[in-house]
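Please study the sequence and the structure before reading each solution.

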Amino acid sequence: MGKHIDKGTRDLTKLYFVRHGKTEWNLEGRYQGAKGDSPLLKESYAEIKQLAAFLAPQQFRHIYASPLRRARVTATTLQHELDELQGHATPLTILSRLREFDLGVMEGMKFVDVEKKYAEEVDAFRNHPERYFPARIKGETFQHLIERMRPAILRICESNPGDDDQVIIVSHGAALNAIINALLEVPLPDLRKRGGLANTSTTILETRDQGKTYRLLDWNDTSYLTKKTDPTDVI
């Protein structure tokens, strides 16, 4: 279950960040990244339905999603389920800036194999973002990812500026972890200290100034899922 934080007033723009459903490569312990991808597990569709039931009491102006298949399918499935539950359509927009970290040559490799071959890079990626220098693996830095994602989040906030506007953003575990903490002005060395994000989890931020500053309302909530989270669910 995610840590719940007092949600305060509702006269604010809220962003519901959703990590995509669990995939075959998640289960196998493989890095996916910005180019690697694999299908959602069959049971992930049931979990997206549980997510939709959790979100259905809320009204959303828009859904935004990464173009990568695992996030796109999660978003379109969630959109369909919400439409069925709420009786009206919620628009969906694909934004390329919401894609996952580019992990270069690590993509498609098993975690255990990457840890043997690129131990320094893996340790920095997971535990010390300020020491993550991915030139050897031909990957993307935390700074670059934050710089490419931040304008997308700002655009979303500016497009939904009204009181009580709520949007859903479907993206990826490592990317969401980095950008959400950056939006909360967490220093680069501490980006990973809040812990990972589980598949089909929800993290909620609010902004009262169209994306200039943010407040955390809920982190990595999976309380609506019937399954028990295991290590292969979290990144």
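A residue is called buried under 20% relative accessible area, exposed over 50% and partly exposed in between (1.4 Å probe, protein chains only). The model is predicted: local features need pLDDT of at least 70, side-chain atom pairs count only at pLDDT 80 or more, and totals for chains, interfaces and linings use all residues. Residues are numbered from 1 along each chain as its sequence is written, and side-chain values use heavy atoms, with hydrogens and water left out.

**Exercise 1.** Determine whether phenylalanine 125 is buried or exposed.

*Solution.* Phenylalanine 125 has a relative accessibility of 4%. Therefore, phenylalanine 125 counts as buried.

**Exercise 2.** Classify the ring pair of phenylalanine 101 and phenylalanine 142.

*Solution.* Step 1: rings of Phe, Tyr and Trp (its six-membered ring) pair if their centres lie within 6.5 Å; planes under 30 degrees apart count as stacked, over 60 as edge-to-face and the rest as tilted. Step 2: the two ring centres are 4.9 Å apart and the planes stand at 70 degrees, so the pair of phenylalanine 101 and phenylalanine 142 is edge-to-face. Step 3: both phenylalanine 101 and phenylalanine 142 are buried.

**Exercise 3.** Which residues do ring pairs link into a cluster?

*Solution.* The cluster consists of Phe101, Phe125, Tyr132 and Phe142, linked by ring pairs.

**Exercise 4.** Over which ring does the charged end of arginine 126 sit?

*Solution.* Step 1: a charge sits over a ring if NZ of Lys or CZ of Arg is within 6 Å of the ring centre and within 35 degrees of the ring normal. Step 2: the charged end of arginine 126 lies 5.3 Å from the ring centre of phenylalanine 111 and sits over that ring.
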